[in-house]
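The following exercises concern the structure shown below.

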Amino acid sequence: MANKNKKNGNFVDISDLTNHIRRTTNYYIMTLKEIIYKNRSYRRFYEEVDIRKEQLSNLVDLARMSPSPKNLQALKFKICNDRKLNNKIFPALAWGGYLKNWQGPEKGERPAAYIFILADKKISSDIAKDYLYTASGYVAQSMLLGAVEMGFGGCTIAAFRRNELNKAINLPEHLEIMMVLALGKPKENIIITEVENQDIKYYRDENGNHYVPKRSLNDLIV
Ligand SMILES: Cc1cc2nc3c(=O)[nH]c(=O)nc-3n(C[C@H](O)[C@H](O)[C@H](O)COP(=O)(O)O)c2cc1C
């Protein structure tokens, strides 16, 4: 372990600490790297597994603590784990654009909950100038990582039918949907592969395994 002595400061290497805990107990604590690797875009879920309202508000608390342009905190959140409302939300969302023969998760594999990331136009009069699209990305990632830590997973949905969705959730005029997080207990095997011939499209095999090509570190660091 990097630093066994708490009195000497609190810079413990988290990988060392988690390895130590794994070796000496039955607990498995994920490092941030493991959480980020596990945080894939899950589009199929065990729909019967509930996410409680309290868990959803705990995720919003992670959004609350995320960076905010000009510290406006102009993003608001709507949470939903109500099955009836979920059924109204689902048809307005677009799933997995590259999967041409797949219209989204079947009944029984749909999200158990949603978090709507909303721009409050009473606080911001210019969504673009106030960087609210960027801010939405920050809060989305915070909440998705939190969901993974809780044993759930999700998918960011930016492709949706706005009018239909506004109506479904009865959204007041001053709130604008930036993106939607679909959440649940993942029922999906996702495999990261290398990008070949510049093809970045994700795909599935005949067993339903989902493959996501990622560019190599060498390609990313310019
Ligand atoms: C801003 C943003 C919007 C996205 N919108 C959608 C969407 O509307 N529908 C969908 O199925 N996936 C959507 N995704 C998920 C991406 O397709 C996914 O991140 C990508 O395929 C890489 O997979 P990974 O998240 O597992 O790494 C979105 C992701 C981001 C970051």
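**Exercise 1. Describe the overall architecture of the protein chain.**

Solution. Begin with the contacts: among those in the protein chain between residues at least 6 apart in sequence, 72% join residues at least 24 apart. Here two residues are in contact if their C-beta atoms, placed from the backbone, lie within 7 Å. The model is predicted, and local features need pLDDT of at least 70, side-chain atom pairs count only at pLDDT 80 or more, while totals for chains, interfaces and linings use all residues. Residues are numbered from 1 along each chain as its sequence is written.

Next, take the secondary structure: the protein chain has seven helices and seven strands, where helices (H or I, at least four residues) and strands (E, at least two) are DSSP runs numbered from the N terminus. Along the sequence they follow the pattern α-α-α-β-α-β-α-β-α-β-β-β-β-α.

Then consider extent and burial. The C-alpha atoms of the protein chain fill a box of roughly 55 × 45 × 40 Å along the principal axes. Of the 222 residues, 23% are buried; a residue is buried if 20 or more other C-beta atoms lie within 10 Å of its own, exposed if 12 or fewer, and partly exposed in between, with C-beta atoms placed from the backbone.

Finally, the domain assignment gives domain 1 (41-188) and domain 2 (191-222), with bounds that come from an automatic or database domain assignment. The C-alpha centres of domain 1 and domain 2 are 25 Å apart.

**Exercise 2. Is Leu62 buried, exposed or partly exposed?**

Solution. First locate the residue: Leu62 belongs to helix α3. Leu62 counts as partly exposed because it has 17 C-beta neighbours inside 10 Å. Not counting residues up to four places away in sequence, Leu62 touches Ser142, Met143 and Gly146. As for Ile190, it is 128 residues from Leu62 in sequence, and the two C-alpha atoms are 25 Å apart in space.

**Exercise 3. Characterise the shell around the ligand.**

Solution. The ligand is surrounded by 14 residues, the closest being Arg40, Ser41, Thr156, Ala158 and Ala159; a residue is near a molecule if its C-beta atom, placed from the backbone, lies within 6 Å of it. With three residues, β3 gives the most to this shell. By class, the shell comprises nine nonpolar, three polar and two charged residues. In this scheme Ala, Val, Leu, Ile, Met, Phe, Trp, Tyr, Cys and Pro count as nonpolar, Asp, Glu, Lys and Arg as charged, and the others, Gly among them, as polar.

**Exercise 4. In what order do the three strands of the open sheet lie?**

Solution. The order is β5-β7-β6, and the pairing is mixed. Two strands pair if DSSP finds at least two bridges between them. The edges are β5 (190-194) and β6 (203-204), each of which pairs on one side only.

Now examine each pair. Five bridges link β5 to β7 in parallel, and Glu194 has Lys214 in β7 as its bridge partner. Two bridges link β6 to β7 (residues 210-214), and these strands run antiparallel. Across this pair, Tyr203 stands opposite Tyr211 and Arg204 opposite His210. The strands β6 and β7 form a hairpin with five residues between them, and Gly208 in its turn has a positive phi of about 85°.

**Exercise 5. Why do Lys70 and Asn71 count as exposed?**

Solution. Lys70 is exposed because 11 C-beta neighbours lie inside 10 Å. Asn71 is exposed because it has 7 other C-beta atoms within 10 Å. Turning to the backbone, Lys70 has a positive phi near 60° without being a glycine. Asn71, which is not a glycine, has a positive phi of about 50°.
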